[in-house]
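Look at the structure below. Then work through the questions on how its parts get their labels.

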Amino acid sequence: MLHGPRVTLRGMTRDDLPALWRYNNDLEVELAGGGDPPIPQAYERLRSEFDREWSMGGRDGSRFAIEADGEFIGHCGLFNFNITAHTCELGIGIGDKDYWGKGYGREAIGLLLEYAFNLRNFRRVWLWVHADNERAIRSYRACGFVEEGRLRQHVWSNGHYVDAVYMGILASEWRED
Ligand SMILES: CC(C)(COP(=O)(O)OP(=O)(O)OC[C@H]1O[C@@H](n2cnc3c(N)ncnc32)[C@H](O)[C@@H]1OP(=O)(O)O)[C@@H](O)C(=O)NCCC(=O)NCCS
């Protein structure tokens, strides 16, 4: 649906599930992604969750599969919509570690921001990230996000507390290249 030079954002399909299951059970990926503590997930549970949502019909919400080189490498999306203030939260997780640190993340985020600002008319997109996730923070900065605040020692992650860093970008700061 959304195409960049190397990355496509599209709806999730059943064929993506085996890779998603591997990513969801990869400790390194889970720890990097933040959010809930790593918890194992059986393939059958993932598939039944997908099938349940699928059977309801409609659209996929604002969640996208990230595809590169014809492969499903992760997912991203917009959520926590505030329709009064026109804000939303952005989340992303590239599960295939071979694609980390090579610019795929910033391309996917760029496509998602273009979607948020130009197609959905959001005014502000925000996110939060572990302070020790330097790769993610650098990628977000490259896309125009700025740090707006932090909650000190807010998250327990892999044996220690880390700060939660809040970052945001306004539509007026976003420009198409
Ligand atoms: C976060 C994520 C989307 C970033 O995408 P990416 O394609 O890996 O990142 P990019 O290539 O766009 O940018 C990476 C930046 O970090 C730097 N970097 C690469 N590897 C790094 C490492 N091991 N440690 C610190 N910095 C690193 C790169 O040099 C680049 O910075 P620069 O442009 O200032 O030189 C992706 O790594 C990912 O999904 N990781 C796992 C889950 C996760 O962390 N999700 C985010 C939760 S908030």
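**Strands, helices and a ligand**

Q: What makes E4 and E5 a hairpin, and which residue in the turn has a positive phi?
A: E4 and E5 form a hairpin with four residues between them. In that turn, His86 has a positive phi of about 60 degrees. Strands (E, at least two residues) and helices (H or I, at least four) are DSSP runs, numbered from the N terminus.

Q: What kind of model is this, and how are residues numbered?
A: This is a predicted model, where local features need pLDDT of at least 70, side-chain atom pairs count only at pLDDT 80 or more, and totals for chains, interfaces and linings use all residues. Residues are numbered from 1 along each chain as its sequence is written.

Q: How do you know that E4 and E5 pair?
A: Two strands pair if DSSP finds at least two bridges between them. Strand E4 (residues 71-82) and E5 have seven bridges, in the antiparallel sense. Cys76 stands opposite Ile92 in E5. Asn82 stands opposite Thr87 in E5.

Q: What joins E3 to E4?
A: Strand E3 (residues 63-68) runs antiparallel to E4, with six bridges. Arg63 has Gly77 in E4 as its bridge partner. Ala68 stands opposite Glu71 in E4. E3 and E4 also form a hairpin, with two residues between them. Asp69 in this turn has a positive phi of about 50 degrees.

Q: How many bridges join E2 to E3?
A: Four bridges join strand E2 (residues 7-10) to E3, and the two run antiparallel. Arg10 has Ala65 in E3 as its bridge partner.

Q: What is the order of the strands in the sheet?
A: The order is E1-E2-E3-E4-E5-E6-E8-E7, an open sheet of eight strands with mixed pairing.

Q: Why is one side of E1 and of E7 left without a neighbour in the sheet?
A: Strand E1 (2-3) and strand E7 (146-157) stand at the edges, each with a single partner strand, so one side of each has no neighbour in the sheet.

Q: Why are H1 and H3 called oblique?
A: Angles under 35 degrees count as roughly parallel, over 145 as roughly antiparallel, 65 to 115 as roughly perpendicular and the rest as oblique. The axes of helix H1 (residues 17-24) and helix H3 (residues 43-55) cross at roughly 125 degrees and come within 10 Å. H1 and H3 are therefore oblique to each other. Axes are lines fitted to C-alpha atoms, for helices over the stretch in contact, and angles run from 0 to 180 degrees between N-to-C directions.

Q: Which residues of H1 meet H3?
A: Leu17, Leu20, Trp21 and Asn24 in H1 meet Tyr43, Leu46, Arg47 and Phe50 in H3. Two residues are in contact if their C-beta atoms, placed from the backbone, lie within 7 Å.

Q: What surrounds the ligand?
A: The shell holds 23 residues, and the closest are Gly101, Gly105, Arg106, Ala136 and Arg138.

Methods. Near = placed C-beta within 6 Å.
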